[in-house]
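Hi,

Here is the structure I promised to pass on. Have a look at it first, and then read my notes below.

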Amino acid sequence: MRIINRTPSIKTLQVLLKRIHVCLFFLLLLSECCWALGGEERASRIKETLGASAVTKLHIGKDGVVRKAFFGRRGLDFQAQGHPKEERARIFLGSYKGIWDIDSSRSSLVYSKSVSSGDMTKVTFTQQYFGIPVLNATVDVHFDLNGKILFVRNGYDRDVALKNLSPSILRARVPALLEEQLALGNGGVVKVQRLGLLEKEGSYRLVWDSIVKGGVNPLRVLLDAENGRVLHSKPIRMR
């Protein structure tokens with residue numbers, strides 16, 4: 001009785017892997033082309049909405065959301081005269097919230113600050129998820145001296161989600177945990193600023209945002225509000 005060996009050879013497997021790699025490459029290329037075409041179509045619709053002559057450049061993320069919008073030196077003359085820049089920025093974002101993908105039923109934009117530099121003023125809003133600030137999720141609207149909008153940077157995250165918004169580590173425990181993990185000693189001073197949401201490895205976590213003083217430069221430290229571990233520590237540059 002003749003036994004037929006049906007086990008593929010190494011050479012056959014190598015040829016098969018090459019073909020798979022080629023197929024995957026073309027599938028990836030096709031998806032990139034489809035995304036680019038979809039992005040161009042969306043950009044065209046957005047320009048028509050805001051005014052094709054006003055928009056000079058758009059940066060659209062792979063999620064289809066406008067992350068940056070430039071309106072050139074002439075700026076966008078948004079009709080909300082008589083209001084302060086903070087309110088004008090809020091009205092502008094609310095009027096076109098579909099462009100910025102802002103879902104006000106889940107997260108809100110809360111006014112943070114206005115900073116003027118030269119002939120430009122930047123109005124910043126911070127995203128809050130059921131009243132808790134989302135760290136690093138801000139929206140900036142830049143105005144010129146005449147009140148025209150020059151530039152919008154959109155850091156709003158529609159995908160913020162967390163079921164449990166009650167911290168296991170209470171605020172009163174934070175200083176002791178930071179003193180222990182950072183070996184602060186008697187000279188360290190901990191100021192717990194706020195509870196926030198931090199995106200880490202694709203999901204959000206509750207953190208205590210704190211300032212620690214005692215070294216050459218103060219530190220901004222983020223402590224996990226569930227397990228009490230330090231997630232992030234970075235020196236704050238003193239001006």
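Threonine 126 is buried, with a relative accessible area of 17%, so it falls below the cut-off for buried, which is under 20%. Bear in mind as you read that this is a predicted model. Threonine 126 sits in strand E4, which covers residues 120-129. Leaving aside residues up to four places away in sequence, threonine 126 is in contact with Ser108, Leu109, Val110, Ser112, Pro133, Val134, Ala137 and Thr138.

**The overall layout**

Stepping back, the protein has four helices and ten strands. Going along the sequence, their order is α-β-β-α-α-β-β-β-β-α-β-β-β-β. Of the 239 residues, 35% are buried. If you take the contacts with a sequence separation of 6 or more, 45% of them are between residues 24 or more positions apart. The protein exposes about 15,600 Å², and 54% of that comes from carbon and sulfur atoms.

Strand E1 (residues 57-60) pairs with strand E2 (residues 66-70) in the antiparallel sense, over four bridges. Two of the pairs to look for are lysine 57 with its bridge partner phenylalanine 70 in E2, and histidine 59 opposite lysine 68 in E2.

Glycine 64 is partly exposed, with a relative accessible area of 23%. Glycine 64 and isoleucine 99 are 35 residues apart in sequence, and their C-alpha atoms are 9.3 Å apart in space.

**The nonpolar cores**

In soluble globular proteins, nonpolar side chains tend to be buried together. Which residues of the largest nonpolar core touch the most other members? Out of its 26 residues, they are Val66, Phe71, Phe92, Leu93, Trp100, Ile149 and Val152. At least two residues of this core come from each of H1, E1, E2, helix H2 (85-95), helix H3 (97-100), E4, strand E5 (132-144) and E6. There is also a second, separate core of 20 residues, with Tyr129, Val134, Tyr204 and Ala225 among its members.

Valine 66 is a handy place to start if you want to click through the contacts. Not counting residues up to four places away in sequence, valine 66 touches Ile46, Leu58, His59, Ile60, Ile99, Trp100 and Asn154.

Last one: Leu13, Leu16, Leu17, Ile20 and Leu24 make a nonpolar surface patch of about 450 Å². Isoleucine 20 belongs to helix H1, residues 10-50. With a relative accessibility of 39%, isoleucine 20 counts as partly exposed.

Cheers

Conventions. Residues numbered from 1 in each chain as written. Predicted model: local features only at pLDDT ≥ 70, side-chain atom pairs only at ≥ 80, totals over all residues. Heavy atoms only, no water. Buried < 20%, exposed > 50% of the residue type's maximum accessible area, 1.4 Å probe, protein only. Contact = heavy atoms within 4.5 Å. Pairing = 2+ DSSP bridges. Patch = residues over 30% accessible without salt bridge, like charges linked within 9 Å, V, L, I, M, F, W, Y side chains within 5 Å. Areas by Shrake-Rupley, 256 points an atom, 1.4 Å probe, with all protein chains shown as cover. Salt bridge = Lys/Arg side-chain N within 4 Å of Asp/Glu carboxyl O. Core = buried A, V, L, I, M, F, W, Y, C linked by side-chain atoms within 4.5 Å.
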